[in-house]
There are 2 protein chains.
Amino acid sequence: MAQQSVRHATSVPERGSGIGVGLMGLGVVGSGVARILAERASVYERRIGRPLQVRRILVRDRHRRREFDPAPNLLTTEAADLLGDPRIQVVVEVMGGEEPAYSYMRRALASGRYVVTANKEVMAKHGPELLALAQDQGVDILYEASVGGGIPLIAPLKRDLIANEITSLRAILNGTTNYILTRMSHDGLGFQAALGQAQALGYAEADPTNDVEGIDAAYKLAILASLAFRTTVQPSDVAREGITRLTANDFRYARELGYVIKLLAIAHHDAGHGVQVRVHPALLHAEEPLAKVDGVFNAVEMEGDLLGRVLFEGQGAGSMPTTSAVIADLIDLARTIANGPAGRSTWHHAAAGVIRPFSELQSRYYLRLRVPDRAGVLSKVCGVLGDDHGISISDIIQKETSQADQTAELVIMTHLARESDMQSALQQLETLPAVSRVGNFLRVEAGRLTSAGDGSAPDGAVVLHGL
Amino acid sequence: MAQQSVRHATSVPERGSGIGVGLMGLGVVGSGVARILAERASVYERRIGRPLQVRRILVRDRHRRREFDPAPNLLTTEAADLLGDPRIQVVVEVMGGEEPAYSYMRRALASGRYVVTANKEVMAKHGPELLALAQDQGVDILYEASVGGGIPLIAPLKRDLIANEITSLRAILNGTTNYILTRMSHDGLGFQAALGQAQALGYAEADPTNDVEGIDAAYKLAILASLAFRTTVQPSDVAREGITRLTANDFRYARELGYVIKLLAIAHHDAGHGVQVRVHPALLHAEEPLAKVDGVFNAVEMEGDLLGRVLFEGQGAGSMPTTSAVIADLIDLARTIANGPAGRSTWHHAAAGVIRPFSELQSRYYLRLRVPDRAGVLSKVCGVLGDDHGISISDIIQKETSQADQTAELVIMTHLARESDMQSALQQLETLPAVSRVGNFLRVEAGRLTSAGDGSAPDGAVVLHGL
């Protein structure tokens with residue numbers, strides 16, 4: 001295809017035409033970024049048109065053992081080795097903390113380098129200044145990973161929602177506290193016990209202050225609210241309360257009233273009245289979408305005056321989700337450096353699709369049959385499914401015996417089976433004297449919550465498990 | 001701020017420096033786009049740096065009465081009036097249907113014009129060809145509005161998830177059928193009755209075939225799967241079943257088994273085995289996030305190998321949500337035309353934020369008090385809240401009478417009150433002899449599901465409503 005050949009023409013790199021990357025930090029996130037960039041170098045080169053080349057990595061200790069060990073000659077303890085290297089066009093900052101990260105980013109931008117950062121504290125406190133500096137220098141600073149891990153939030157606010165006036169934003173932005181609150185809510189734990197669990201699992205730090213006092217969430221809210229409302233919201237503008245004074249009883253009473261308790265980050269914008277930004281534990285109706293966001297997941301609900309309510313949910317932290325956002329920003333910048341704005345909308349089709357036949361589908365099935373209400377029917381039906389087609393049954397419910405025509409309705413849930421086997425079994429069932437009519441059959445979509453043998457016992461029905 | 005002044009310098013338009021737009025179609029979506037572009041011209045000019053100027057609008061009938069009436073001299077029935085107008089740089093296609101929309105888009109791209117489209121049928125069938133043509137011409141075609149209305153889906157797949165290999169995608173992509181299935185599920189309606197309701201409300205067309213047979217969802221799935229898997233998935237590749245053979249009984253049995261029934265669009269990619277794409281009704285565990293997406297809402301769950309599961313939910317159709325996506329694409333192109341790739345990351349802060357004091361917050365409150373278990377306490381507490389601070393109470397629960405110290409726990413839910421009044425009441429309650437201790441107080445976050453007087457009666461507790 002024409003598009004393809006054009007891409008290939010520009011994607012053959014000349015020697016030295018790679019885009020030079022300097023990585024600052026080789027902790028949990030930095031190791032993830034370095035490892036994925038190494039493992040997927042050729043994949044990302046195809047997506048950009050030129051290779052990404054990590055030139056230097058800033059670390060505190062050159063000799064520490066790490067999850068991922070880059071070539072030793074890449075490591076340096078001197079920031080100047082990155083900031084003065086003419087081969088480095090993009091600095092990726094994943095050190096965390098305000099200093100020295102803030103100073104390094106300023107120096108990177110001031111020297112005409114692009115910056116990608118995951119640093120919520122620096123962006124919340126110094127975002128406007130760094131963005132202005134980038135603009136003055138004709139470069140850019142991207143910070144998708146600073147809020148919500150791998151969930152796209154910054155880019156949608158900058159691009160996809162731009163036709164709207166955003167009126168409100170409600171979010172769960174801190175996975176640590178959401179994990180603690182989930183344990184308190186589901187297991188009846190007190191705060192200290194739930195915190196201890198989170199610490200044991202590595203979800204909370206030894207000093208959990210930043211999380212449990214809502215400081216981390218306030219940084220993230222300041223960034224989102226600034227973007228959403230096109231204004232400058234500082235972390236100190238955010239009214240903030242932590243979760244330390246919640247007790248098991250509060251969760252119990254809230255539940256009795258139909259509520260759950262979540263640490264919410266909330267921003268409202270009323271034309272003429274300004275912005276209200278706050279982070280505090282709040283009762284939320286149990287049926288609200290955010291009320292169902294449990295464990296270490298994050299979610300953000302935004303309201304735009306054109307598009308209405310939109311919800312984004314996913315893993316808000318962790319090495320790989322954060323790496324996903326950091327590399328997305330890096331590839332975006334690399335494409336701009338490599339190609340300019342053109343070619344952004346490509347379909348990215350490497351080849352015509354290889355489509356698997358539907359007959360190869362593996363699924364569980366729901367089957368509703370109208371059958372004569374007499375002995376022997378069940379064994380015939382089970383024989384067609386099991387003996388003839390190898391389809392095993394997880395549940396059978398017999399429903400609605402009709403006195404009028406002496407028939408009953410049989411609902412069958414199968415274990416995993418092949419679509420082609422199921423279609424063949426259906427054809428056979430349709431001609432079976434023991435079956436008056438195949439009422440319906442439906443596929444069961446497996447999900448996080450569905451095990452292969454799942455099925456619950458309804459009231460007043462014959463349920464036979466595991467036939 | 002430096003950034004601000006730079007933006008202003010470039011945003012003063014010279015006469016005639018606007019970006020010329022040709023609009024094709026003035027139906028439900030087209031009228032929305034035309035009206036919002038007219039109403040927000042100065043807002044969008046600030047966001048782009050140059051004004052958007054609608055030069056011509058293609059209609060079928062110049063004299064039809066419309067929801068929004070543009071200047072009559074803009075209207076034309078001749079496509080050539082747009083496609084030959086040198087003042088038009090961007091063509092916005094919101095006519096719908098395969099032809100003549102497809103031919104017009106080809107001509108627009110071939111003449112070096114940028115294109116924005118909401119057309120799922122054309123993009124699903126001809127996307128690769130149009131994208132290749134755009135690339136050859138050094139322009140671009142954007143199509144965010146073709147899937148999921150205002151929910152950002154295309155742009156996140158093109159940009160934010162690019163570091164990932166997408167392994168699967170599960171979605172509710174058709175609001176009409178989701179509305180019908182929601183009515184069948186919640187109200188026990190049969191298919192025809194639920195369809196009739198959807199038609200009466202304008203959610204379904206007189207000929208509902210495209211929706212109820214899954215054709216519309218298959219177009220959208222083909223577009224998403226092509227992007228997600230970097231391949232070309234045609235609508236004819238999608239295995240497809242509609243919802244017409246579902247009965248009220250199926251919903252009842254599914255519920256008894258712990259499931260709901262949704263029309264799902266599903267795409268899987270297994271390395272080495274190709275792509276499986278299908279649209280059909282499926283049983284989905286009732287606790288799955290997609291199972292809770294009701295009515296005309298759409299949702300897409302994607303799984304990336306780095307970021308894990310991410311969910312996007314919102315209004316998948318309608319004039320304003322679709323307008324939100326069309327204008328986002330238009331502004332993106334206009335910025336590229338006006339400024340090149342630079343300046344994309346600006347914070348967009350028009351001014352330092354006006355932050356509302358937290359004391360002005362209006363909220364409902366949850367209050368837990370330890371009180372002496374004797375007569376007269378309740379009236380004193382209610383007196384402080386109601387008489388002294390004007391805070392009215394929606395629910396009171398008395399819990400956990402302690403025999404040891406003759407105290408009880410009192411849980412109070414208030415109606416809407418002012419934070420400053422609540423804080424003052426709390427101070428007074430803390431010194432009140434009738435209150436041993438203020439156990440906790442929490443704000444209640446109002447949502448779609450919470451009315452001002454909401455509160456349910458728990459078992460085994462004294463509940464006093466509406467004091």
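I began with helix 15 of chain B, residues 419–431: at 1.5 Å a residue its 13 residues should span 18 Å, and the end C-alpha atoms lie 19 Å apart, which agrees. The expected span is 1.5 Å times one less than the number of residues, and helices (H or I, at least four residues) and strands (E, at least two) are DSSP runs numbered from the N terminus.

I note that this is a predicted model, in which local features need pLDDT of at least 70, side-chain atom pairs count only at pLDDT 80 or more, and totals for chains, interfaces and linings use all residues. Residues are numbered from 1 along each chain as its sequence is written, and chains are lettered from A and ligands numbered from 1 in the order in which they are written.

I looked up which residues of helix 15 of chain B are buried (20 or more other C-beta atoms, placed from the backbone, within 10 Å of the residue's own; exposed is 12 or fewer, partly exposed in between). They include B:M422, B:A425 and B:L429. The face turned away from the buried side carries the exposed B:Q427, B:E430 and B:T431.

I then turned to the backbone. The peptide bond from B:E99 to B:P100 is cis, with omega near 5°; B:P100 sits in the loop between strand 4 (90–93) and helix 5 (101–110) of chain B. In chain A, a cis peptide bond joins A:E99 and A:P100, with omega about 5°.

Last, I checked B:Q406, whose phi is near 55°, positive in a residue other than glycine. B:Q406 is exposed, with 11 other C-beta atoms within 10 Å.
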